[in-house]
Amino acid sequence: MKNRYAVVIIAALSALISWGLYAIFTSFPTMPQAASAQAAHVDAAWTGLLVVEGVIYAVVMAFLIYCVVAFRAAKRTEQGEKFDRSRGRFVEVGWIAGSVVLTLALAALGAHELRAIVGDAQADIDIEVRSSQFSWEFYYPKYKTFGAKLYMEKGKRHRLILTSSDVIHAFWVPEFRIKQDAVPGKAIPLIITPTKLGEYLLLCNQLCGRDHYDMQAIVEVLEHAEFEENMKAEF
Ligand SMILES: [Cu+2]
């Protein structure tokens, strides 16, 4: 290192850049509000990834800025110091070993959160979600009713059974975070536990034809009594 305070300077610069990134990401959230129990797991994996990426980005940028300043040529006509090869092989070995450990750790975090989402198939309410170009239909086996609006009960585990009568569609409510394809000839389960009352928009997330953009449906999360009432009154 050229300067004996190089490590301190790079560390301070890294902290400054990290703080800047933290301020940006907290001021401008990257996700809509979280409205399902599964969303917490997706957000935990996303935030974990963002923190690791942010810190690595900050360290690399701080090192780059330090090098540009510390190793610049004194005059325009002069050449700066040339970098031939690293004197310490431990830098390279450390970087590779660190990357391997980090990659495996992130994979483990992802697997842990994914298991928390799809690991348990138990559910309180079954709803058949039927998709076709370019609409959604919801069938409630327990009540033997169906409709074009998806009603869900707050705090209950719903097993959505996704089917398609023509091409591949995908069930996606951004506030619930998780997304699942509906594939012709298959019945694919998807567990969702809504945690907040309100209306949300269901969007088809698989390009499925001319009116794909318009393949939407309203999702309403209700309290138990209201849900039961709707099941009787609406249909
Ligand atoms: Cu579609």
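Domain bounds here come from an automatic or database domain assignment. The structure is a predicted model, in which local features need pLDDT of at least 70 and side-chain atom pairs count only at pLDDT 80 or more, while totals for chains, interfaces and linings use all residues. Residues are numbered from 1 along each chain as its sequence is written.

**Exercise 1.** Find which domains the protein chain is assigned and how far apart their C-alpha centres lie.

*Solution.* Begin with the assignment, which gives domain 1 (6-118) and domain 2 (125-233). The C-alpha centres of domain 1 and domain 2 lie 38 Å apart. Next, turn to the contact, where two residues count as touching if their C-beta atoms, placed from the backbone, lie within 7 Å; 10 residues of domain 1 and 11 residues of domain 2 take part. Finally, on the side of domain 1 that touches domain 2, the largest share, 4 residues, belongs to α2, a helix being a DSSP run of H or I with at least four residues and a strand a run of E with at least two, numbered from the N terminus.

**Exercise 2.** Describe how the axes of helix α2 and helix α3 are placed.

*Solution.* The axes are lines fitted to C-alpha atoms over the stretch in contact, with angles from 0 to 180 degrees between N-to-C directions. For α2 (residues 37-70) and α3 (residues 89-118), the axes come within 8 Å and cross at roughly 170°. That makes α2 roughly antiparallel to α3, a label for angles over 145 degrees. As for the residues that meet, Q38, H41 and V42 are among those in α2, and L102, L106 and L109 are among those in α3.

**Exercise 3.** Decide whether K144 and R177 are buried or exposed.

*Solution.* A residue is buried if 20 or more other C-beta atoms lie within 10 Å of its own, exposed if 12 or fewer, and partly exposed in between, with C-beta atoms placed from the backbone. K144, in the loop between β2 and β3 (145-147), has a positive phi of about 55° although it is not a glycine. Because K144 has 9 C-beta neighbours inside 10 Å, K144 counts as exposed. R177, in the loop between β6 (169-172) and β7 (179-182), likewise is not a glycine and has a positive phi, of about 75°. With 21 other C-beta atoms within 10 Å, R177 is buried.

How values were computed
Angles under 35 degrees count as roughly parallel, over 145 as roughly antiparallel, 65 to 115 as roughly perpendicular and the rest as oblique.
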